[in-house]
Structures are given as structure tokens and as C-alpha cells.
Amino acid sequence: MAATFLPKSPPHIFHPLPNGEDNGKPLSDLFNSLGQNSTILLLPATTYVLHTPIKFNHQGNSLATLGYPTFESGQQAVIETRGEKESGAIDMFNLSFTSLRRVHIRGCRGWGAKKPESKEEEERLKREGKLGWVEGGGALVWMGGGDSKESVVEGCRLEDPRGWTAVHVCDFAQNPKVINNIVGPCGQQAPGGPWADGLSVAGRDSTIVGNTIIDATDGAIVVFCAPGSTIAGNTVIARERDLLGAINMVDDFPFDRDFTNTRVVGNTIKTEGAFIRLGIGCGMTCWSPFQPEHRKNRGGLVEANYIGPGTLGYGIALSSAVDFTVLSNVVVPNTTFGGDLSRCPWNAPPMPFLIEWREAGRTEGCIVQSDFIEGEASWLIGVEPGVGGEIAYEEGQLEWWAKDQDSGVNLKGGKWELSRTGELVHGNGKWRSVSGGSGVRDPVLRFGKDGTFAILDAGAGDNLVWSPTAYIGQHLNNLKNLPPLKPKPSTTVGHTRAVFASQAPYLTVKDGEGDTLYSTHYEYNAGQWELRAGQWVAIAPVSSRGAVGTQLFEYGAASSVPPPLPTSSRPGHHFSSFIRDLKDDISAIRMGNDGGGPPPVPPRNYTPTASYPPTFLFLNPQTAQLTLHSSASPAHPDPGQTHFVYPEQPSQVEDCWFVFQGDGNGVLYCKNPDGGIGVLFATNTNGAEGARKIALKGLGEEGGPAMEVLNDKGDKMFTSKR
């Protein structure tokens, strides 16, 4: 049956009740009595107190300020929600052709950027009319719903909702319009909260245009699928409160992930003193940690939006998204991307445009502009304002030009940057790579998609200036040409990773399996270091570890000549004979419980040489033995190049791992075939006073090659070498 439309009745002017009485119920009753297509006008610059929401009762009901003034004129009627447990001001749910125009609604939460620190402060604010958050509270303005068509909120000032959002365009609304409103502040910023949205849109073919959202704290504009909707020409500003997400396309309901023809176009996202964690997020994994049950949002267009100026974590990101088109978006001048990733260290570093690694299978069929970079994108809103103590880049994510003063990254201990002479420097010389020189013309630090981490001279045909992993190149080639002992468990997403830190180790480079290719230091704090079966650590020669301040890393005085190790004299020697040969070589070695470690491999006659080969600590997955060696391959120890093995005898186990525990004990655990957990070796330093660090030393270092447990003073509590 077709709807029947009655002619509009003359507007009714409503005067406020005196003495702070509730105007909500009288206005609701008036709408009910006036019937369809009726309009109630409020007096300009006049305050109306509510203890209950204003409920629209018929289609075509409209509420506005007499004369339809703009907010800037100062003449809009003011509606204040002051009910003890009431967060709503306007209820237009499930009605068609309703409108709210040119009114100023105050939610009266009144808490500022952060919630009160005590109940006493909360009560004091309440006495001042700052009523706070209503637990479980709904929207300030409630519109839409499955039976609603063509509802409008236009030209209003909506601020300080006491519930979860300022405007909720409810599920399955048809053709709703939210136009030219000024919204915010909304909620208290993370991590304390309780935060709130600006506009929450779940209607089909919605028009969300020309709104300005200031200091929302959850999502400024949240698009709950909303197929066919246009979100255009809006401005999101973080001025005094940090914002989790500016425009969110991350939810999968109510239209079952369908963002078809949802257009996010020509919006501006900027900060004016606060911080935005994520500008535009496409796909639910942008917003929350990845879960196998995450489904992909599909469709959607994100085009010609302006990011900045100001400070954000990420500009636009895609993760758990399929068939999105993201093109022609612009980062404006004076925009920076940064933040502290301490709570989500697995993520790619802050950047303008991020798309989840394509091989991860979480982002498919998307058409994106060329400046998107691949990387891990899971719970991006975990980035915090400020700077952290370290940050990690994966292959293809880093390119710093010395000539660009904005290149580099700030950490708590100072900035990492590339000098004009081709030297990588942290903290104004706190650590430096000792590379380059006056002859370098145009240096660039590039972490290529092939995993190559190097300083190049672009002014000389990309000549190599410095690479921290160059010393290990031949060993990695040897590793590739030998069969693996057994597949190693994947501990990362499978990409080479460079970690910059504000304290030692300043720079660490690891491969996709978690093996350490390079580090400036090899001392690890108790409770912070573990080696899994099949993993290895390459102990770089000290000459390649750069300099701390003006002090170069130097070899120990006791090791002034390098130790070239003889190769095995056994004919036809191969790793398959390793266990038998090694047993012969160290037949006198037994694992002790005195904390002193085993006797050393017999000394060799050393002769001077120009440099030292790398030393490797390797946890053999076949034999469950921890091995320090200087062989041609990091994961294929040669008995003739072996410095220690723990334990002496191999074991057949399901899994094994070596961990330097928080109690200062280094323990090699194993999982037995019956599922039980056992101990194969321990440094027995958990009872030693002050056991705080485990140190790895390579050839040429004083006391090396060895593994040592040290106290706070650097005294040895355990050493593998006597």
C-alpha cells in the first residue's frame, strides 16, 4: 500500500519551560498531537533543558530554530541533555522524511580530553553541570532504521555526547542525509576513554557531506558498510583530543561487508595539536589484531582525500579488504607520520599509505596508487603519540636521502638519520656506522624489496658505501646451497627486518625466520632473549659494528691476532658425519653443573690476518644442541670450526628452545616425544647474584669465542670458555 502524505501544517513555536524543567516530554507530546509533516520551531539563542529525549512520532516531523540561523551567528537554540542516566537528545528512529535543522545540542559530558582521575573529581564536575559518561548510553541523535527514508540532520552544532556517538544513522536506513554540521568534541581520548564517535553511519545510499568533526576520540566518521553512500567534503580535525580513526571503513555489519559504491572522496583529515592514529582504514584488521575469523570488506572507493597538515600515525591503510580502489589521495605539506609502536611492534612503521603484504592473503584485488608500501597492518590504532625506544622496518619500507632533512626517524634517544657524507648516525653521534666520506656525493639508505640493507651513493651510479651484512654474504650463499636440517618455525611474517633502537643494540638486522644477520651489540637482558630450534645468530666481527660516540669497537688486547681455524683433515667430510666426528673431538667434554661450562676446544696456533670471520650461535633442530662455530654456513656446523656444543650428546626431541630467563638462568628446554617438557642444559646462574645479561663473543674478542652470563658490573657468572 502506498504511503499517504498529508500537507504540512503551520510551524508551531515552542517556548522553554522555566526553572530547568524537562522540555523533552512536552515536545514529544506536541509532535504526537500535531501529526505528520509537522514542524516545531525553537526560539533563537534560547536554552531548552532535557531530562528525556525529544521523540519524533510521525513521518515528516521536523525540529529547527526559528529563522534557521547558522551556528556562527550565535542564534541557534540550545538543547542540553541533563537527565541522570539519559544520553539521548533526539529520537527520529524508524521514521521517514524527518529532519533536525539548525539547532545546537549539548550532551554535557564535560570531562575534557581525559576522564576524571577520581570519583571525588567526577562528583565535583557533576555539581558544575559536567555530567560525564552514561555507561551503555546511546547516541545524542538517533535516526535511520529499516523503516526510515530521507531523514536529514543539517546545519546543527552537536557536541559532547554522553554516550558512544553524536549521530547514529541506524542500520538499513535508506537515503539519510547528514549535511554541514559541526560535531565535537566527543568522548575522552585513548587509552583511558571512554571514547566516542562523531558520526556513525549504517544507512544505504547515505549522504554525509560538508561536516566538520572536531576532537572525536573513537571514529570521527564510521562507515558501517553503508553501500552506495557518499562521504565527501568533510573535515576531520584533532585539536585537543587524540583520535583513533578519522574515517573508518573497518566494520563488517550490517550489510555483510558490502562497501559497493561507498565513496569516500575529497575529505580533509588534519591535526592542530593532537594526534590521529589512522586517517582512513579499509578492512577490519586495520582496527583490531588479526584473527583467522576476520572477513574481508569488499568494494569501496577512496579518492582525492587530503591528509594533513599535522601529525598522524598512518594516513590510509588496507588490511582484510578486497576490491577497494584507492587513488589520487594527497599528503599536504607540513604533515608528518610517526608514533610509538611499543604496543604493536609487529606493525610496519608509521607512513602515509600502507597495504597489508599481498602474500598474506588478507588484501586482494585492490587498485591502489603507486606510493602505497606493503607491510604488516594489524591493529594500527595501537600506535601511540610520541616516540618509542625502537622501531622496525621491513624490506621495501625504508629509503632515507641525506639531502632530505625530513628523512630519518625520531626515537627517545635522538634521531636516526643519514649524513651528507654517507654515515648512518643516531642521536647526534651516539652511534655511527663509520662509513662514507667526503667523496660521497648523494647518499641514500635503502632497504630494498630484495632484503638488501645498504647505504648507496646515488651520485655515483648507486655505488655501495656501507652494508652491515656484507661480511656474511658468502656464508648466506653457502647456506642456500646446502639442504636445511629441517624446516624452521616461522617466527615473523617472513621478511628481512631492520630494528633501530635508542640504546644498545642500536641496529639489528634479522632475516624472515628471526635469524640475526647483524647487530651492533650481542648482550641481551634477562627475560628478553630466546633462540628457537633452527635459528642462529651471526656474531659480526667487531670491526663492522660501527662506533659508540667517538669510540670505535675494538678487538680485545688479549686477541690482537685473529685465529684462523684449520679445516677438517678427514677426507670426504660432510655434515652427515658431524655427530660422530664431533663426539670424537670432544670426547672429554661433559656438561657440568658448576656454572663454569665445559673445557674449551684445544688451542690452535694463531697467525695474524687482516680480519676475523663471523662466529655463529646455532640451535640444531635435529640434535637439540646449542653450538658456537665459525663454519662456512651459519646452520651447518663443521666440527673443525666448532668452539662449544651444549649438551655433548644429541637428543631426539619434538622441539627445543634456548631462553635467557628473567631469573638470570640460561636454559635449553625441549619437548619430548611424549609431550613432556625437559631441560637439556642450563647455565645454572639463576642463583648467582646479579646475573643480568647474556653475552655472545666472536673470534677476536677478549674472552671469545664464547657465551657468557654477566652481572651488573660485567663480571662473568658463567662462560663457555676457560
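1. Let's start with Asp256, which is partly exposed at a relative accessible area of 37%; here buried means under 20%, exposed over 50%, and partly exposed in between, computed with a 1.4 Å probe and protein chains only. Asp256 and Arg257 join their side chains in a salt bridge, with N to O at 3.3 Å. The term salt bridge covers a side-chain nitrogen of Lys or Arg within 4 Å of a carboxyl oxygen of Asp or Glu.

2. A word on the model before going on. It is a predicted model, in which local features need pLDDT of at least 70 and side-chain atom pairs count only at pLDDT 80 or more, while totals for chains, interfaces and linings use all residues. Residues are numbered from 1 along each chain as its sequence is written, and side-chain values use heavy atoms, with hydrogens and water left out.

3. For the overall picture, the protein has four helices and 63 strands; helices (H or I, at least four residues) and strands (E, at least two) are DSSP runs numbered from the N terminus. Of its 722 residues, 57% are buried. The accessible surface is about 29400 Å², and carbon and sulfur atoms account for 50% of that area; the areas come from the Shrake-Rupley method with a 1.4 Å probe, and for residues only the protein chains shown count as cover. Looking at contacts (heavy atoms within 4.5 Å), among those between residues at least 6 apart in sequence, 68% join residues at least 24 apart.

4. How many salt bridges does the rule give? The count is 36. One of them is between the side chains of Arg106 and Glu80, at 2.9 Å from N to O. This pair links distant parts of the chain, as Arg106 sits in strand β9 (residues 103–106) and Glu80 in strand β6 (residues 77–81), 26 residues apart. Is each partner buried or exposed, or something in between? Arg106 is partly exposed at 30% relative accessibility, whereas Glu80 is buried at 10%. Both belong to a network of salt bridges that links Glu80, Arg82, Arg106 and Glu159.

5. Another pair worth a look is Glu374 and Arg358, whose side chains form a salt bridge at 3.1 Å, N to O. Arg358 is partly exposed, its relative accessible area being 43%.

6. Now to the sheets. Strands of a sheet pair through backbone hydrogen bonds, either parallel or antiparallel. In this analysis two strands pair if DSSP finds at least two bridges between them. Three strands make an open sheet in the order β26-β30-β35, with parallel pairing. Each of β26 (297–298) and β35 stands at an edge with a single partner strand, so one side of each has no neighbour in the sheet. Two bridges join β26 to strand β30 (residues 321–322) in the parallel sense, and Arg298 has Val322 as its bridge partner in β30.

7. Which strand is largely enclosed by the rest of the structure? That is strand β29 (residues 310–318), because eight of its nine residues are buried. Strand β25 (residues 276–282) runs parallel to β29 and is joined to it by five bridges, with Leu278 partnered by Tyr314 of β29. Strand β33 (residues 335–337) also pairs with β29 in the parallel sense, over three bridges; here Leu312 is opposite Phe337. The parallel pairing of β29 with β34 has four bridges, and Leu318 stands opposite Ile355 in β34.

8. Ser378 is in the loop between β37 and β38 (390–394), and it is buried at 4% relative accessibility. Its side chain comes to 2.8 Å from the backbone nitrogen of Phe290, a polar contact (N or O atoms within 3.5 Å; within protein, one must be able to donate a hydrogen and the other to accept it, and residues adjacent in sequence count only if both atoms are side-chain atoms). Beyond residues up to four places away in sequence, Ser378 touches several residues, including Thr285, Trp346 and Arg362.

9. Finally, Ile214 lies in strand β18 (residues 212–214) and is buried, at 16% relative accessibility. Leaving out neighbours within four places in sequence, its contacts include Ile182, Pro185 and Ile237.
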